[in-house]
Amino acid sequence: MSPDRQPLPLCISAAHECSYLPDRESRSLFVDPDAPMNMARYSRLIERGFRRSGGLVYRPQCDNCKQCLSVRIPVNRFAMRRRFRRLLRRNSDLHMEARDGGFVQAHYELYCRYMAARHADGSMANPTPEDYAGFLMTDWSDTRFLELRRHDRLMAAAVTDVVEDGLSAVYTFFDPDEARRSLGTHAVLSQLELCRALRLPYLYLGYWVRDWDKMRYKADFRPLQVFSENQWREFGVHEAIRVPELHGS
């Protein structure tokens, strides 16, 4: 067996307050942080519903709730809806530049502005450079920062990992004064464009939570696949996305 396919030690966290849904507790299954990690191993794990935060690789493992579902878009069958076309026309003055992962002061300053506007009272408020780097970067990842710029002005940055069968959208932050542009959605469309250019079949969007409004936008990208019952299941363009009954709520 290839070393990259050998089993990795897994741990489960203690129960803690859920970050998404009130009055619920959550637990995570995560890879032992001391275990060696690389992109080949991470590619196997993301296919099984895992995701990274910094260098920590995890997936939800809650006792009585299965709403956090890993989702991905099959790139070649993505349906460009009318509102996406309108969005691209509205943002036709933007262009995308891909930069290798690493600390960039302009990215950090935009991230701080975004957090101050969107998460001022949360655990991610007032991030230090160490907080920022620890959340988005790790020494083993193949990461790109996809910049959306208007002329020389940085409008958004989409932190994106390159895995073997696709791209993984790690986190996107943008100028809070430009909310009308829907830059988060524009970043997903840009990542889909890059997937096509690289001939990668999937764009992984992380976790979708049915009852959390801030993640509702992910359900707009169709067809969408969810990792459920240890396999990827597809919800078609006209099918309402729901959590499978086997998962409970």
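The model is predicted, so local features need pLDDT of at least 70 and side-chain atom pairs count only at pLDDT 80 or more, while totals for chains, interfaces and linings use all residues. Residues are numbered from 1 along each chain as its sequence is written, and side-chain values use heavy atoms, with hydrogens and water left out.

**Salt bridges**

- The structure holds 20 salt bridges, each being a side-chain nitrogen of Lys or Arg within 4 Å of a carboxyl oxygen of Asp or Glu.
- Arg77 pairs with Glu234 in a salt bridge whose closest N and O atoms are 2.3 Å apart; this pair links distant parts of the chain, with Arg77 in the loop between β7 (68-74) and α2 and Glu234 in strand β14 (residues 231-235), 157 residues apart.
- Asp93 and Arg150 form another salt bridge, with the closest N and O atoms 2.7 Å apart, and because Asp93 lies in the loop between α2 and β8 (95-100) and Arg150 in strand β9 (residues 143-150), the pair ties together parts that are 57 residues apart in sequence.
- Through shared partners, salt bridges join Asp93, Arg113, Arg150, Arg153, Asp175, Asp177, Glu178 and Arg181 into one network.

- Glu47 forms a salt bridge with Arg44; Glu47 counts as partly exposed at 25% relative accessibility, whereas Arg44 counts as buried at 18% (buried means under 20% relative accessible area, exposed over 50%, and partly exposed in between, with a 1.4 Å probe and protein chains only).

**Helix α5**

- Helix α5 (residues 183-198) has 16 residues, and its buried residues include Leu183, Val188 and Leu192.
- Just after α5, Arg199 takes a positive phi of about 60°.

Terms used. Helices (H or I, at least four residues) and strands (E, at least two) are DSSP runs, numbered from the N terminus. The expected span of a helix is 1.5 Å times one less than its number of residues.
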